[in-house]
Structure formats: C-alpha cells, structure tokens
Amino acid sequence: QPLPVLASRVDRSGIGIGKASVFVSSDPPRGILASAERSEILNTAALTGVSVTSSISATNVMSNAGFVACALPTCVSSDVNALGVDPACHSVGVNGSEIRGSDRVDVHVSCSGYTTSLPFRLWYP
C-alpha cells in the first residue's frame, strides 16, 4: 500500500485522523568509550598465586548522544608477559605467570569498527 496512509495520529496539535508519515532514522555508533575499574595493578599474584584483576567495559557512543554497551568487544594486551586479558573482554589481570611489570601496557579495545586504548601500570615485586 502506498504511503502515507490514513491513520490516527498524535502530535503537538493533539489527536486526529488523517494522513501521516513516520520517518525512522538509524542511530549508528560514532565511537567507543572504554573504562577500567583501576589503571594500576600491583602483581601480588607473583608472591601469593592469587589472581589480581580489574574489570573493564566498552560502550558504543551513538550518533544521537546515547550510549549502548558493546555486544562483542575484543581486547588485546600490548604486553602479554606483563598483563593478561579475558577473552570475553570483561577484565584484565595478573595470575602470577607474568615475568615483569611495566610503566605502561595498553589494552586495545575494539567494537563496532572502532578501537581505543586503555593504559595500565603494572607493579611487579
């Protein structure tokens, strides 16, 4: 059926019956925002064997100024010998197998075609 069609409509003038059109626009992501629970990690796991983690999150920044959690983010550590990354991109951490600390390890977070980096400082005993 051709558009517009006869329908009930509600607008700033009130309720009426008449022809109306509805326009739907897309709201694609324009970037991502990544954050971490903490940016410095003291690797006590090297001494105790108990893992130390920091949760991370990735959020799409939408065209219409909204925010939506990334459905399938990916994360990669720039130095896996100092900081590990959860495959599901929910956390980063140390488990005692690391061989050094670092002044800066970047975790590259990607989602919806965008990438950003989260910097971490790792203290090693």
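**Stop one: a parallel pair**

Start by selecting β4 together with strand β11 (residues 114-123): the two run parallel and are joined by three bridges. Keep in mind that this is a predicted model. Now show Leu-42 and look across to β11, where Trp-123 is its bridge partner.

**Stop two: the rest of that sheet**

You now have an open sheet of four strands in the order β4-β11-β10-β7, with mixed pairing. Which strands stand at the edges? They are β4 (40-42) and β7 (74-77); each has a single partner strand, so one side of each has no neighbour in the sheet. Turn the view to follow the twist, which averages 30 degrees from one strand to the next.

**Stop three: β5 and its partners**

Clear that and pick strand β5 (residues 52-62). Bring in strand β3 (residues 29-36), which pairs with β5 in the antiparallel sense over seven bridges. For a landmark, find Gly-31, which stands opposite Val-61 in β5.

**Last stop: the hairpin**

Stay with β5 and select strand β6 (residues 67-69). These two run antiparallel and are joined by three bridges, with Asn-60 opposite Val-68 in β6. How many residues lie between the strands of this hairpin? There are four, and Ala-65 in the hairpin takes a positive phi near 70 degrees.

Terms used:
Residues are numbered from 1 along each chain as its sequence is written. This is a predicted model: local features need pLDDT of at least 70, side-chain atom pairs count only at pLDDT 80 or more; totals for chains, interfaces and linings use all residues. Side-chain values use heavy atoms; hydrogens and water are left out. Two strands pair if DSSP finds at least two bridges between them. Axes are lines fitted to C-alpha atoms, for helices over the stretch in contact, and angles run from 0 to 180 degrees between N-to-C directions.
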